[in-house]
Amino acid sequence: MRKLLKDKGIKQQLPYVFKSDDKQYSFNNAYMSTQTTISDSKDGIVVQANSSFFDFSKNKNTKKRGEKHNITITNSHHCSELLLAVYIQAIINKQSPKAS
């Protein structure tokens with residue numbers, strides 16, 4: 001994880017960096033923003049995701065309310081499955097309650 005707190009408070013909601021053998025992906029999600037991007041140093045933004053703050057409709061399968069995520073993969077030269085898996089894990093970590 002990258003540093004969450006800056007000199008003037010929280011700046012990132014997802015301060016993650018994913019490193020593989022030959023790539024490094026950085027997550028960017030400004031505080032209180034519903035837009036998340038994943039970028040690499042070579043190609044720039046490779047994934048853009050927009051989430052609803054809170055969706056009032058219920059999921060047909062789970063019968064629960066929650067966020068909806070619209071994900072666009074902007075560069076097809078990257079492994080889409082890997083990027084989606086890393087994004088899902090970061091969102092799960094963000095939404096999971098922290099143990100005290």
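Okay, let's start with a definition: rings of Phe, Tyr and Trp (its six-membered ring) count as a pair if their centres lie within 6.5 Å, with planes under 30 degrees apart called stacked, over 60 edge-to-face, and the rest tilted. And quickly, what you're looking at is a predicted model, where local features need pLDDT of at least 70, side-chain atom pairs count only at pLDDT 80 or more, and totals for chains, interfaces and linings use all residues. Residues are numbered from 1 along each chain as its sequence is written, and side-chain values use heavy atoms, with hydrogens and water left out.

So, how many aromatic pairs does a search of the whole structure find? Two. Tyr 16 and Phe 27 make an edge-to-face pair, 6.1 Å from centre to centre and with 75° between the planes. Tyr 16 sits in the loop between strand E2 (9–10) and strand E3 (17–19), while Phe 27 is in strand E4 (residues 24–28), so this pair ties together parts that are 11 residues apart in sequence. A word on those labels: helices (H or I, at least four residues) and strands (E, at least two) are DSSP runs, numbered from the N terminus.

Both Tyr 16 and Phe 27 are buried; that means under 20% relative accessible area, with exposed being over 50% and partly exposed in between (1.4 Å probe, protein chains only). Then there's Phe 18 with Tyr 25: the ring centres are 6.5 Å apart and the planes are at 20°, so we call this pair stacked. Phe 18 is partly exposed at 27% relative accessibility, and Tyr 25 is buried at 5%.

Next up, charges. Side chains of opposite charge can pair when their charged atoms come close. Here a salt bridge is a side-chain nitrogen of Lys or Arg within 4 Å of a carboxyl oxygen of Asp or Glu, and the search of the whole structure turns up one. Which residue forms a salt bridge with Lys 23? That's Asp 40, and the closest N and O atoms are 3.7 Å apart. Asp 40 lies in strand E5 (residues 35–40) and Lys 23 in the loop between E3 and E4, so the pair ties together parts 17 residues apart in sequence.

Is Asp 40 buried or exposed? Buried, with a relative accessible area of 7%, whereas Lys 23 is partly exposed at 25%. Setting aside neighbours within four places in sequence, Asp 40 is in contact (heavy atoms within 4.5 Å) with Lys 23, Gln 24, Tyr 25, Val 46 and His 78.

Now over to strand E7 (residues 69–73), where you'll find His 69. His 69 is partly exposed, at 28% relative accessibility. Leaving out neighbours within four places in sequence, His 69 is in contact with Asn 50, Ser 51, Tyr 87 and Ile 91. As for C-alpha atoms, those of His 69 and Ile 88 are separated by 10.0 Å, and the two residues are 19 apart along the chain.

Last stop, the surface. Ile 71 belongs to strand E7 and is partly exposed at 34% relative accessibility.
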